Amino acid sequence: MNGHSDSLLQVRGLKKHFAARGLLSLLSVRTWVRAVDGISFYVRPGETFSLVGESGCGKTTTAKLLLLLEQPTAGNIYFDGQDINQLKGSELRRYRSLVQAVFQDPWSSLNPRMRASSIIAEPLVVNHKPPKQEVQRRVEQLLMDVGLEPAAAANYPHEFSGGQRQRVAVARALALNPRLIVLDEPVSALDVSIRAQIMNLLRDLQRKYGMSYFLIAHNLATVRYLSHQVAVMYLGLIVEQATSEELFTKPLHPYTKALISAALPTQPGVQQERILLSGEVPSATHPPSGCRFHTRCPFVFDRCAVEAPQLRELAPGHTVACHLY
């Protein structure tokens, strides 16, 4: 992927391999889980970039690498042109304040012993130590930004509904005026009726503040609604990437087609091919040779088992790794 000078975040050749635990490792034969195995993408300012795929494909590991919760095995992550794994001191603190996260489960991500005001103010107090009145004003503003009453500042997490707790988590993420928010399955733990509200909130906040989102989600309807760019991940690799509109209307990779045909309701009168995937996702310790998807692909042919397909651009901004093309 060529360099994009207008990108906020750029990921190049990113890999994360973990040593596998098990019988072989006891016998001192090191086996590796290739959680992320060489991916590249970029996130533009003010846009949402989504990573989709089944459990275990490497999405969450990618998020942890962006949040510096893991160190990469290889590759680079550039934020504003700087390699984040080389940052130290004040530069590192600046990165940590400009990149925030909202996690899946608002139950476990909020401290049950802290009032909402303290939860939201914590990043401010830790990073900037502003005077008390300023903190109070900022907390009230943030609560209103996420659609809660200023009076909610006095409540504890258990006094909120799930959707309200997620609003508090979003307010905390906004406290430091971040430029990028990592959203790890931000609505999947919520009731369906609440999901749309939180998704609308996230869109409104993005329009208002112009920050970028890096979204990880299973639910393709969520992804379609929130995203500008989407990458589909399978066993540690990106197999297809395009704008949201292009990917959902003209999917190319058999895996993408299968995900979409399984997830999105067909429009009345439109014949949509149903693609059923056989078998389980193979192990990331011993991924299949050639194309990693060939063991489950309905269109497999001989070349797929021996040669790994490279990502190729088939239409402007639409890349796919598949021997069919």
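**Strands and helices in the predicted model**

F49 stands opposite F214 in β8. That pair is a handy way into this predicted model, in which local features need pLDDT of at least 70, side-chain atom pairs count only at pLDDT 80 or more, and totals for chains, interfaces and linings use all residues. Residues are numbered from 1 along each chain as its sequence is written, and side-chain values use heavy atoms, with hydrogens and water left out. Helices (H or I, at least four residues) and strands (E, at least two) are DSSP runs, numbered from the N terminus.

Four bridges link β3 to strand β8 (residues 212–216), and the two run parallel; two strands pair if DSSP finds at least two bridges between them. Strand β9 (residues 229–234) also pairs with β3 in the parallel sense, again over four bridges, and here L51 stands opposite A231. Five of the five residues of β3 are buried, so the strand is largely enclosed by the rest of the structure. Buried here means under 20% relative accessible area, against over 50% for exposed and in between for partly exposed (1.4 Å probe, protein chains only). In a regular strand, side chains alternate between the two faces of the sheet. As for β3, T48, S50 and V52 cover one side, F49 and L51 the other, and all are buried.

Next comes an open sheet of four strands, ordered β2-β1-β4-β5 with antiparallel pairing. β2 (32–43) and β5 (82–83) sit at the edges with a single partner strand each, so one side of each is left without a neighbour in the sheet. Two bridges hold β5 to strand β4 (residues 74–79), the two running antiparallel, and Y78 has D83 in β5 as its bridge partner. Helix α2 (residues 59–66) lies across β1 (9–19), β2 and β4, at about 115 degrees to β1. Axes are lines fitted to C-alpha atoms, for helices over the stretch in contact (heavy atoms within 4.5 Å), and angles run from 0 to 180 degrees between N-to-C directions.

Helix α7 (residues 162–174) and helix α8 (residues 192–209) meet at an angle of about 20 degrees, their axes 10 Å apart. The two are therefore roughly parallel to each other; that label covers angles under 35 degrees, with over 145 counting as roughly antiparallel, 65 to 115 as roughly perpendicular and the rest as oblique. On the α7 side, the contact includes G163, R167 and L174, while α8 brings in residues including I194, L201 and Y209.
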